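Please read the report below alongside the sequence and the 3D coordinates.

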Amino acid sequence: MFSWLGTDDRRKKDPEVFQTVSEGLKKLYKTKLLPLEEHYKFHEFHSPALEDADFDNKPMILLVGQYSTGKTSFIRYLLEQDFPGMRIGPEPTTDSFIAVMHGTMEGLIPGNALVVDPKKPFRKLNAFGNAFLNRFVCAQLPNPVLESISVIDTPGILSGEKQRISRGYDFAAVLEWFAERVDRIILLFDAHKLDISDEFSEVIKALKNHEDKIRVVLNKADQIETQQLMRVYGALMWSLGKIVNTPEVIRVYIGSFWSHPLLIPDNRKLFEAEEQDLFKDIQSLPRNAALRKLNDLIKRARLAKVHAYIISSLKKDMPSVFGKENKKKELINSLGEIYSRIEKEHQISPGDFPNLKKMQEQLQAHDLNKFQPLKMKLLDAVDDMLAHDIAQLMVLVRQEETQRPNQVVKGGAFEGTMNGPFGHGYGEGAGEGIDEVEWVVARDKPMYDEIFYTLSPVNGKVTGANAKKEMVKSKLPNTVLGKIWKLADIDKDGMLDDEEFALANHLIKVKLEGHELPSELPAHLVPPSKRKVPE
């Protein structure tokens, strides 16, 4: 059982005891942050109130992209099976939001039924109305991948203004709602059509403040030659740089995420390495889920505090009797100045403020006289949560992580690339010769022996100092050579015999060819004379 106890006087009277991080987040939200949100109408301006399911649900991945970029095929590739409601084609086929989740029986749950289910984290989507709910379904199926994560498939983003208007609901706002709650946002691009339409640009801008969750996939990369691929990659980075305003370069994974033969197999190794990196990122989601929820709650608390300062400031400047409408217009127009004043007065970072233009539009529909004045008790509760409770909860997060260290996504495509000869890097680098009877180092040992006998061996061994003179010729840094020494000096006597010296040179070659060194020496690289005879 995990528990943590507060230290101040109030906590001594009423100690907080939480079994899990999820339980702790729920209680902190309901007792400390929710009262502030309700008092200052936060839910009408920014985001609906969080529910228990938002804290309990599995990690979610949101797939976003223009039509025919392979979003649905990507899900099928991960699951290695079809899911209910799946449609794949070159034309815009997926016209709905499909939440692909784990269930004991295969089936579809329509949107209107989904938003009344308290166990699903979708109840607040009913605010987007029937036009959206008729385009929202949950596909349930028993699949091992879905035991750890859920995936949200989205309608293909269109380029024409006519199609965009005819959706009947605010597409960008729905995506923004999902972006706040998911653990990973994957933007898919087709190597053949990189044009970022107006709607797609609007969608990417709606994902602002969630850049840490975004990963980009350049899909169908097997359909173009290497030279074209380099140009396409450069063009994609240039286009993204104009829309995603971050100083960091966004991570782009290149590959072909479907189970068809590669059309142009020249870049197979690159695709395998990129796929492995993306899979590792996805597999880490369950382990980091609690930390992500904690991070999102902190972001929400900071925004709620700023919102409270803005609302109370507007209330303070409103006249009590005459000239209300004119004053309202004046305050909305000078909202930028109010932002600056609050920023200086309360030492708040400019990045914590909501979008100015959007806030001005929303304020038009509100009666500023009905806003509440500043109530420090509510703000103090949130400050106390950020200063003390979150720090205590971080300890619990780490404890839970150590209790479940191997919590990764399993099954589907993740299994095929982990075990057996088709695992990433199998038979390459330090894995070379894994299936061979002969010791793989023996191939080049005569060449290494010639060098060995020039180093003045004593009793069949060369000293560390003499071995170092030869090893540094590789120009590898000392940290790498130190690791190679540890792996090669099997009997840990600080000297190398001819087999250990040959092994050290083999590992140097592995590193110089661009492969990673193993953390422990694989069994097939242990010299035959040093292998333990099975009892």
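The report goes from the whole chain to the sheet, then to helix packing and a few single residues.

## Basis and overall make-up

This is a predicted model, in which local features need pLDDT of at least 70 and side-chain atom pairs count only at pLDDT 80 or more, while totals for chains, interfaces and linings use all residues. Residues are numbered from 1 along each chain as its sequence is written, and side-chain values use heavy atoms, with hydrogens and water left out.

The protein chain has 22 helices and 10 strands. Both kinds of element are DSSP runs numbered from the N terminus, with helices (H or I) of at least four residues and strands (E) of at least two. Of the 535 residues in the protein chain, 49% are buried. Buried stands for under 20% relative accessible area, exposed for over 50%, and partly exposed for the range in between, with a 1.4 Å probe and protein chains only. Among contacts between residues at least 6 apart in sequence, 77% join residues at least 24 apart; a contact means heavy atoms within 4.5 Å.

## The sheet

An open sheet is formed by 8 strands in the order E3-E4-E2-E5-E1-E6-E7-E8, with mixed pairing. Strands E3 (107–110) and E8 (252–254) are at the edges with a single partner strand each, so one side of each has no neighbour in the sheet. From one strand to the next, the twist averages 25 degrees. Two strands count as paired if DSSP finds at least two bridges between them.

| Strand pair | Sense | Bridges | Facing residues |
|---|---|---|---|
| E1 and E5 | parallel | 3 bridges | Leu-62 and Ile-152 |
| E1 (residues 60–65) and E6 | parallel | 5 bridges | Leu-63 and Ile-186 |

Strand E6 (residues 184–190) is mostly covered, as 7 of its 7 residues are buried. One side of E6 carries Arg-184, Ile-186, Leu-188 and Asp-190, and the other carries Ile-185, Leu-187 and Phe-189; both faces are covered. In E5, Ser-150 and Ile-152 point one way and Val-151 and Asp-153 the other way, and all are buried.

Two packed helices are described by the angle between their axes and the distance between the axes. Axes here are lines fitted to C-alpha atoms, for helices over the stretch in contact, and angles run from 0 to 180 degrees between N-to-C directions.

Helix H19 (residues 445–452) and helix H22 (residues 498–512) have axes that come within 9 Å and cross at roughly 115 degrees. H19 and H22 are therefore roughly perpendicular to each other. The contact involves Lys-445, Tyr-448, Asp-449, Ile-451 and Phe-452 of H19, and Asp-498, Glu-499, Phe-501, Ala-502, Asn-505, His-506 and Lys-509 of H22.

Helix H21 (residues 478–488) also packs on H22, with axes that come within 9 Å and cross at roughly 140 degrees. H21 and H22 are therefore oblique to each other. Angles under 35 degrees count as roughly parallel, over 145 as roughly antiparallel, 65 to 115 as roughly perpendicular and the rest as oblique. From H21, Val-480, Leu-481, Ile-484, Leu-487 and Ala-488 meet Glu-500, Leu-503, Ala-504, Leu-507, Ile-508 and Lys-511 in H22.

An unreviewed UniProt entry annotates residues 476–511 as "domain: EF-hand". UniProt positions are given in the numbering used here, feature names are shortened, and annotations may be inferred rather than shown by experiment. In the model, residues 476–511 are 69% helix and 8% strand, and their end C-alpha atoms lie 9 Å apart.

## Single residues

Ser-313 lies in helix H13 (residues 285–317) and counts as buried at 9% relative accessibility. Leaving aside residues up to four places away in sequence, Ser-313 touches Ile-338, Arg-341 and Ile-342.

Glu-325 lies in helix H14 (residues 324–333) and is exposed, with a relative accessible area of 52%. Glu-325 is 42 residues from Asp-367 in sequence, and their C-alpha atoms are 9.3 Å apart in space.
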